[in-house]
Amino acid sequence: MKKQDDDNTSASNWNAFQKDKKRNVPSNAAKMALKLFDNRKGLAIDIGCGAGADSLLMLEQDWSVIALDHNTLGINIVYENLDAEKKDNLYIVQDTFENMKLHTCNWLNASFSLPFISPKDYDDVWQKISNSIAPDGRFSGTFFGNKDSWAPGNTLRTFHTKEQVIKLFGGFEIEWFDEREREGTSIDASRVEHLKHWHVFEVVAKKVQL
Ligand SMILES: C[S@@+](CC[C@H](N)C(=O)[O-])C[C@H]1O[C@@H](n2cnc3c(N)ncnc32)[C@H](O)[C@@H]1O
């Protein structure tokens, strides 16, 4: 039996995704967070940055960006194409979510990346994320929903109900919450597209001042 969609646990399995230009667009959550920051700048961390669409959006708005991924193929290409001034604002970290240590930041973005953590590691990773965001800073990112077609029996990825997503944001004010279901596709490590049912939550939340 074919392993389910290659499971994407190995960094090199993400090469095909990162080279697929049609999937490399800024996320709605990152665009919404930028709007809510209303011209404020600071340090952003983009975890699971992939081919760097959200990192680039941040850099274009003069944020300093730490872009982290266990596969830095895509973000290295972004770096090569930046002008010298923007290059100074981008720091690339090759690491896993499970192992990473995070600086205190004003904006932490995690678009379509956190669901690829296994449930056994999720709480620890979420704690690191939550702790890294300074008061008045924001989280933007994606959670996979329990009605996603990848969910049944999957122990390598993490899926949430709406209530479980909301519960993660103690100490935050949720400013934007978008739940979507649609029929679409995913791409595996061999660049083959698979039909799937997507169920995702996108969230922007502000850390409450202490
Ligand atoms: C679906 S892509 C999303 C990329 C980008 N954020 C976007 O929205 O287009 C998931 C990204 O997370 C990275 N990733 C998956 N699991 C990871 C892990 N355990 N540690 C670090 N990066 C991981 C992959 O390499 C990939 O670039």
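**View 1. Residues around the ligand.** Of the 22 residues around the ligand, Trp14, Gly48, Gly50, Thr96 and Ser111 come nearest. A residue is near a molecule if its C-beta atom, placed from the backbone, lies within 6 Å of it. Two elements, helix 1 (15-19) and helix 3 (53-60), each give two or more residues to this shell. Helices (H or I, at least four residues) and strands (E, at least two) are DSSP runs, numbered from the N terminus. By residue type, the shell holds nine nonpolar, ten polar and three charged members. Ala, Val, Leu, Ile, Met, Phe, Trp, Tyr, Cys and Pro count as nonpolar; Asp, Glu, Lys and Arg count as charged; the others, Gly among them, count as polar. The model is a predicted one: local features need pLDDT of at least 70, side-chain atom pairs count only at pLDDT 80 or more, and totals for chains, interfaces and linings use all residues. Residues are numbered from 1 along each chain as its sequence is written.

**View 2. The whole protein.** The protein has seven helices and eight strands. Its radius of gyration is 16 Å, close to the 17 Å that the globule rule gives for 210 residues, so the protein is as compact as a globular protein of that length. That radius is taken over C-alpha atoms, and the rule is 2.2 Å times the number of residues to the power 0.38. The C-alpha trace spans about 50 × 40 × 30 Å along its principal axes. Buried residues make up 36% of the 210. Buried means that 20 or more other C-beta atoms lie within 10 Å of the residue's own; exposed means 12 or fewer, and partly exposed is in between, with C-beta atoms placed from the backbone. Among contacts between residues at least 6 apart in sequence, 71% join residues at least 24 apart. A contact means C-beta atoms, placed from the backbone, within 7 Å.

**View 3. The largest nonpolar core and Ala44.** This core has 42 residues; Ala44, Ile45, Val65 and Leu108 touch the most other members. A nonpolar core is a set of buried Ala, Val, Leu, Ile, Met, Phe, Trp, Tyr and Cys residues joined through C-beta atoms within 7 Å. Neighbours within four places in sequence aside, Ala44 is in contact with Met58, Trp63, Val65, Cys105, Asn106, Trp107 and Asn109.

**View 4. The buried face of helix 2.** In helix 2 (residues 28-37), Ala29, Ala30, Ala33, Leu34 and Phe37 are buried. Seen down the helix axis, they fall within an arc of 135°, so they line one face. The arc is that of the directions from the helix axis to the C-beta atoms. Their cover includes helix 3, strand 4 (105-110), strand 5 (133-145) and strand 8. Asp38 follows helix 2, with a positive phi near 50°.

**View 5. Ala29 in helix 2.** Ala29 lies in helix 2. It is buried, because 27 other C-beta atoms lie within 10 Å. Neighbours within four places in sequence aside, Ala29 is in contact with Ser111, Ser140, Gly141, Thr142, Glu202, Val203 and Val204.

**View 6. Two loop residues with positive phi.** Asp62 is found in the loop between helix 3 and strand 2 (64-69). Its phi is near 65°, a positive value in a residue other than glycine. Asp62 is exposed, with 12 other C-beta atoms within 10 Å. Arg191 lies in the loop between strand 7 (172-187) and strand 8 (193-207). Arg191 is not a glycine, yet has a positive phi of about 65°. Arg191 is exposed, with 11 other C-beta atoms within 10 Å.

Technical notes
Contact = placed C-beta atoms within 7 Å.
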